[in-house]
Amino acid sequence: MKLTIDGLKDTEGWKKANVEIPSYDVAKVHEATRKEPIWAHFGAGNIFRMFIGGLQDTLLNKKLSDKGIIAVETFGYDIIDEIYEPHDSLVLAVTLLPDGNVSKRVIGSLAEGIKSIPGDTPEWKRMKDIFAAKTLQMVSFTITEKGYALKGSDGSYLPAAKADIESGPASPKTAMAQVASLLLHRFQSGASPIAVVSMDNCSHNGEKLRNSVVTMAEEWLSRGFVAQDFIDYISDEKKVSFPWSMIDKITPRPSEEIGKRLEDDGIEGMKPFISKNKTYIAPFVNAEGPQYLVIEDKFPNGRPPLEKAGVYMTDRDTVNKVERMKVTTCLNPLHTALAVYGCTLGYKLIADEMKDKTLSALVDKIGPVEGMPVVTDPKIISPKDFASEVINTRLPNPFMPDTPQRIACDTSQKVGIRFGETIKSYVAKDGSAKALTAIPLAIAGWFRYLLALDDDGNAFELSPDPMLGELREKLSGIELGKPESADGKLKPLLSNENIFGSDLYKAGIGEKIEEMFREEIAGKGAVRKTLEKYLM
C-alpha cells in the first residue's frame, strides 16, 4: 500500500496490516478546508502531525466536524516538500504500547501543507487568503519556545527580529512578525475575530505569544507602518484572544525499527531518512499513548468541539495550575534529572534508566516525595495519578526510542522552572529549601554533566544549549579526581537568579549542591557512588 489518498482505496490491504483508516472522505474534507478554512497551525512537525492532527481526525471520524487543519511551516520547508506533498498530507500514526505492541492509524485531517514564504509569492498570497477568511476560527502553534523570542539574554532585539521591525509587515521573516503581518491583513479584510493559540510546552505560552505579536505591532506603529486601530484590534481579547494551554505527549524521533515493521506490513516508503536540510524525518510518527491538552476556553469566533476529542477546555487559572503541576513536579523535572545523569552514566534510552534502581529512586524522590507537598492541584487532573503514570508507565516504556541526549538540550533554559519553582515554594513555606535532597542532587548532576566526562572519565558530546559556552567557561579548570578544583567555581552560577529563578544560597541549598558536586568529581565512579549515598 501507498500512504496517499488514492492508496487508501486498498481498504483490505490496510485492514490486513491492522491500520485504521479514516471513515470520512479525505479528499472531500481537504477540498472543503481549503475553501473555508477553520484552523491553521504553525509548526508542521511530529507532535502536531500525530497529536493535534489526531484530535481533529477524531472529530471528523465522529462526524463532529467536516473540516481539517492547514499546516504551516515557517522554517523547515523540507517537511512540506518531502513528507506532506508526496503523501497527500496523510500521517501514519504509530502508538508505542508498553507491552511492545503498536496501534496504527492513518490521520487524514491535515488538509494542506504550506511553506510560509513572505513576499510576492504564491505561498504568501495563500497565507493571506487563509487569514482573510471569516470562517477561520483559530491559528495555533508548536514552534518551540525559541520561536516566540524577539530579544536575546541581554535584552536587545535579535538581529532577525530587528530586521523585521525596521522593514515592516510587507515581507517579514520571523514567525512572530509573520503572524503580526497576517493579523494585520485579517484586520484590513474586515477585522473578523480569531483565537491565536500557543500549544508549545512552555510556561504562560499564551502570554509569551501575545507579548511578541503585540510588541512587533507596536514597533511597526512607532515607525508608521500600522495605525493605532490595528493595535486596538489585536489588544482586544473579544476580537483576538491568546488562550493559554498545556500540552503533554512524548514524541521521539522516528524509529528505524518501526519503519521496517511498517514496510514488512506492506506499506511502501516508510523508512526514516535525512532530509535536504539535515532533518531526520519519516512519513510516520511514533509516540507514546498518553496525551494531555488543556486549553483556556476563549475563542471569539467559535471553535471545533475539542472536548469531544479528549481536550480539557477550562479557564486560565486551571491551565496555569496544570502546567505548573507537569512542568515543576510530575514530569519535566524528572526528565531533566534522567537526561543529565543518563548521559553521564552512559545510557542511550530513558526507558533503560528506569531499570536502574538508583535513577528510579531519584525521580521518585524528585516528584512524589519532594515536589508533591508543594504541587498546585488543578483538580481536573490528579497530580498523584499523573506522576504515577509518568513513573510507572510512560518513562519505563521500553519501546519508546527517547534518549537522554535529546532531553538534555537547552537545560539552562529549563532548570529555573523545572527545579526553581519547587525550591521557591519550599522557601515560601518553610523559610528555606534545606529539606530538599533529590532536587539539589539533580542540579549537581547538571554541573557534573557539563564537564562532558562520563563516570569512567571518558569524553562525550554535550547536547545543544544556548548558554553552553558561558557555562563551560565558568567551570573551566575543574578536574576529575580533584574536588578542590571546584572551589568557588559554582557560586556565580548557583546565585544567578536568571538561571534558577532565585539565589540558591539564600534558599539554603547552594552549599549542599557544591558539596554534592565535589563528591561527584572525586574520581571515576564517583557519580554512581554519590547517587547511592543520597538515595539508597
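On a 1 Å grid laid over the protein atoms alone, a cavity is a set of points where a 1.4 Å probe fits but cannot get out, whereas a pocket is an open set with protein on both sides within 12 Å along at least five of seven lines, and lining residues are those with an atom within 4 Å of a point. Grid points are joined across faces, edges and corners, and a volume is the space filled by probe spheres set on the points. The model is a predicted one, in which local features need pLDDT of at least 70 and side-chain atom pairs count only at pLDDT 80 or more, while totals for chains, interfaces and linings use all residues. Residues are numbered from 1 along each chain as its sequence is written, and side-chain values use heavy atoms, with hydrogens and water left out.

With this rule, three cavities of 30 Å³ or more are counted, and the largest cavity holds about 60 Å³ of space. Its lining is made up of Ile250, His335, Ile350, Ala351, Arg394, Leu395, Asn397, Met400 and Asp402. Sorted by class, this lining of the largest cavity has five nonpolar, two polar and two charged residues, where Ala, Val, Leu, Ile, Met, Phe, Trp, Tyr, Cys and Pro count as nonpolar, Asp, Glu, Lys and Arg as charged, and the others, Gly among them, as polar.

Among the open spaces, the second largest pocket has a volume of about 190 Å³. Its lining consists of 15 residues, of which Met50, Thr95, Arg105, Lys249 and Gln291 lie nearest its centre. Two or more lining residues of this second largest pocket come from each of helix H3 (46–61), strand S4 (91–96) and strand S5 (102–107), and H3 gives the most, with five residues. Helices (H or I, at least four residues) and strands (E, at least two) are DSSP runs numbered from the N terminus.

Helix H12 (residues 332–344) has 13 residues and reaches 19 Å from its first C-alpha to its last, close to the 18 Å expected at 1.5 Å a residue, the expected span being 1.5 Å times one less than the number of residues. H12 is mostly covered, with 13 of its 13 residues buried, and buried here means under 20% relative accessible area, while exposed means over 50% and partly exposed lies in between (1.4 Å probe, protein chains only). After H12 comes glycine 346, whose phi is positive, near 85°.

Asparagine 18, with a phi of about 60°, sits in the loop between H1 and strand S1 (19–20) and counts as exposed because its relative accessibility is 60%. Threonine 144, with a phi of about 70°, is placed in the loop between strand S7 (138–141) and helix H6 (159–167) and is partly exposed, with a relative accessible area of 47%.

Finally, how many disulfides does a search of the whole structure find? The search finds zero, a disulfide being a pair of cysteine sulfur atoms within 2.5 Å. For cysteine 330, the nearest cysteine sulfur, that of cysteine 202, is 19 Å away. The sulfur of cysteine 409 is 9.0 Å from the closest cysteine sulfur, in cysteine 343, and is therefore too far away for a bond.
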